[in-house]
Each structure stands twice: as C-alpha cells, then as structure tokens.
Amino acid sequence: MSSIEEKARHEAQTAMRKAYAPYSEFRVGASLVTESDDIFSGCNIENCSYGLTVCAERVALFKAVSEGCRKFKLLVLTSDSDKAIVPCGACLQVLAEFCDDLKIIVYNGDMIGRTSLAELLPHRFRL
Ligand code: THU
C-alpha cells in the first residue's frame, strides 16, 4: 500500500468518526485524492427527511470541487460495517461527471478491496 493510500485511509477513518448518522447508524468516510495528492474527506450526513441524506463520497467531492479541484486519481472508502461497501449509483454518476476513471479502494476492518469507477459504472449517463 502506497503512502498516499495510507494517508487517504487515515483521513477517511477520521472523517467517518464525524458521520451524522442517527437514523441508519451506518457511518461512512470517504477520501478523494487529487492528481497533486491533496486529500478531501467527507462523511455521510443524514436528515430526518431521509431523502435529503448525503453520502460521504459526495460530501468529499463537493468539498474538493468547491475548492477548485476537479482532477482525481483515487477514492478511499471506509465504513463501520463488517461488510465492504461500494459507492451508491448516485455517487458513481456524480463522480463520473469529473472522472473518466478513478481507482477506488474500499476498507472494512483490515480487509481491502480494489475496484474502479469504470468497473462499477461501465455505462454512465451523458448529455
Ligand atoms: N452511504 C454513504 O455515505 N455512502 C455510500 O456509498 C452508501 C451509503 C450512507 C448514506 C446513509 O447515511 C447510510 O450510508 C445508510 O445508507
């Protein structure tokens, strides 16, 4: 595991601990690494109007884009579940707006899974 992957994992775990998830009690942390190795992290933020919940991945992405970063090389995901998770379909489509492809690493506990945006979303919506 490279040092940037380790750093992104650490920041995703730190973000996960800040998740606001009183309804699902399912905490997620995401770190998005830019081409220049800056890291933007996010957690899921739920709402009592459930559909207004925002996933950790989109929080991280929107933080990055709002800071002027649009080129990414890696997404690292952590959750407090004992099952590996992958980004939901909505997050994949939003990530696809900025990334042709993106390496994705998923951690649960010490287990690591490697996949990519192209593998999870081979056919994206385009205008
Ligand atoms: N969630 C994420 O943050 N990312 C995902 O990839 C899947 C689901 C959140 C949304 C909600 O707060 C909780 O997990 C349960 O669905």
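I looked up the largest pocket first. It is lined by 14 residues, and Phe-26, Val-28, Asn-44, Glu-46 and Cys-55 lie nearest its centre. I noted how a pocket is defined: on a 1 Å grid over the protein atoms alone, it is an open set of points where a 1.4 Å probe fits, with protein on both sides within 12 Å along at least five of seven lines, and lining residues have an atom within 4 Å of a point.

This is a predicted model, where local features need pLDDT of at least 70, side-chain atom pairs count only at pLDDT 80 or more, and totals for linings use all residues. Residues are numbered from 1 along each chain, and side-chain values use heavy atoms, without hydrogens and water.

I checked the lining next. It divides into 9 nonpolar, 3 polar and 2 charged residues. Cys and Pro count as nonpolar here, Glu as charged.

Where is the ligand? It sits in the largest pocket (more than half of its atoms lie within 2 Å of the grid points).

I then listed its surroundings. Among the residues around the ligand are Ser-24, Thr-53, Val-86 and Cys-88 (near means a heavy atom within 4 Å).

Last, I looked for polar contacts (pairs of N or O atoms within 3.5 Å). The side chain of Asn-44 has an N or O atom 2.9 Å from a ligand oxygen. For Glu-46, a polar side-chain atom is 2.5 Å from a ligand oxygen. The side chain of Glu-57 also places an N or O atom 2.5 Å from an oxygen of the ligand.

Note on methods: A polar contact is a pair of N or O atoms within 3.5 Å; within protein, one must be able to donate a hydrogen and the other to accept it, and residues adjacent in sequence count only if both atoms are side-chain atoms.
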